[in-house]
Amino acid sequence: MSVTIAATSVAKPKAELIEAFREAPTSIISDNLARLAGSVGLRPFHRAGRLVGTAFTIKTRPGDNLAIHRALEMVGPGDVIVVDGGGDETRALVGEIMKNIAEWRGAEGYVIDGAIRDVAAFTASDFPCFARSVIHRGPYKSGPGEINVPVSIGGAVISPGDIVVGDEDGVVSFTQAAAPALLEAVRAQIAREEATLLSIREGRYQGSYGKS
């Protein structure tokens with residue numbers, strides 16, 4: 001079956017805007033997206049390191065990774081490979097070889113609504129990978145699939161070019177257009193929370209956190 005390609009690349013914002021979110025906790029980003037945004041049910045499988053980049057999206061038939069192989073011919077620096085595998089956990093969509101291909105292509109990491117395998121290769125690496133589970137069973141490679149279309153990842157709709165951030169708490173995403181105002185709000189909350197933590201350490205805390 002065929003793989004439909006809506007676009008061969010995605011537009012990226014300025015690098016400094018992306019990098020500004022590298023130290024922003026996903027929890028605080030989510031707070032400033034009305035606490036509604038973010039994928040549910042995914043967890044990090046890599047050793048350490050934060051994920052920040054723009055979404056290069058893939059929709060696969062559950063248990064089939066033909067479209068991912070095709071996408072790996074097109075991804076490049078700054079791309080987060082976002083895979084809608086329908087949440088299927090019965091077959092792994094990527095493993096050690098596809099991890100290494102993505103790294104070689106300069107991608108920022110994987111976000112997979114599905115399973116992976118060769119988990120030891122991921123846990124020994126700082127190449128970010130967020131997925132639903134691990135299983136030894138391999139995928140089919142017959143398609144169909146779609147590349148660079150809106151996808152659903154753990155209940156969150158992610159469109160090509162959306163900014164994706166992942167850390168120990170999970171994965172959030174948002175549009176490039178929303179990024180500048182969101183960054184200001186995130187920085188303001190970080191400053192407030194740092195002030196609260198300082199007041200606790202210094203014995204001055206008077207319950208302000210519960211009112212914010």
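The model is predicted; local features need pLDDT of at least 70, side-chain atom pairs count only at pLDDT 80 or more, and totals for chains, interfaces and linings use all residues. Residues are numbered from 1 along each chain as its sequence is written, and side-chain values use heavy atoms, with hydrogens and water left out.

Helices (H or I, at least four residues) and strands (E, at least two) are DSSP runs, numbered from the N terminus. Six of the six residues of strand 4 are buried, so this strand is largely enclosed by the rest of the structure. Buried means under 20% relative accessible area, exposed means over 50%, and partly exposed lies in between (1.4 Å probe, protein chains only). In a regular strand the side chains alternate between the two faces of the sheet. In strand 4, Asp 79, Ile 81 and Val 83 point one way. Val 80, Val 82 and Asp 84 point the other way, and all are buried. Strand 4 pairs with strand 3 in the parallel sense over six bridges. Two strands pair if DSSP finds at least two bridges between them. Thr 54 stands opposite Asp 79 of strand 4.

Strand 3 (residues 51-60) also pairs with strand 13, in the antiparallel sense and over four bridges. Gly 53 has Val 164 of strand 13 as its bridge partner. Strand 13 spans residues 163-167, and five of its five residues are buried, so it is largely enclosed by the rest of the structure. Both of its faces are covered. Ile 163, Val 165 and Asp 167 are buried on one side. Val 164 and Gly 166 are buried on the other. Strand 13 is joined to strand 14 (residues 170-174) by five bridges, and the two run antiparallel. Val 164 has Ser 173 of strand 14 as its bridge partner. The two strands form a hairpin, with two residues between them.

A further sheet is open and holds three strands in the order 5-7-9, with parallel pairing. Strand 5 and strand 9 (133-134) stand at its edges, each with a single partner strand, so one side of each is left without a neighbour in the sheet. Strand 7 (residues 115-116) pairs with strand 9 in the parallel sense over two bridges. Ala 115 has Ser 133 of strand 9 as its bridge partner.

Helix 4 covers residues 96-105, and its buried residues are Met 98, Lys 99 and Ala 102. These residues cover an arc of only 110 degrees around the axis, which puts them on the same side of helix 4. The arc is that of the directions from the helix axis to the C-beta atoms. Ile 97 and Trp 104 are exposed on the other side of the helix. The buried residues pack against helix 3 (66-71) and helix 5 (119-123), and against strand 4 (79-84), strand 5 (92-94) and strand 6 (109-113). Contact means heavy atoms within 4.5 Å. Just after helix 4, Gly 106 takes a positive phi of about 90 degrees.

Ser 125 lies in the loop between helix 5 and strand 8 (129-131). Ser 125 is buried, at a relative accessible area of 10%.

Other loops hold backbone features. Ala 34 and Arg 35 are both in the loop between helix 2 (26-31) and strand 2 (43-44). Phi of Ala 34 is near 60 degrees, a positive value in a residue other than glycine. Phi of Arg 35 is likewise positive, near 60 degrees. Ala 34 is exposed, with a relative accessible area of 56%. Arg 35 is exposed too, at 60%. A cis peptide bond joins Gly 143 and Pro 144, with omega about 0 degrees. Pro 144 is in the loop between strand 9 and strand 10 (145-147).
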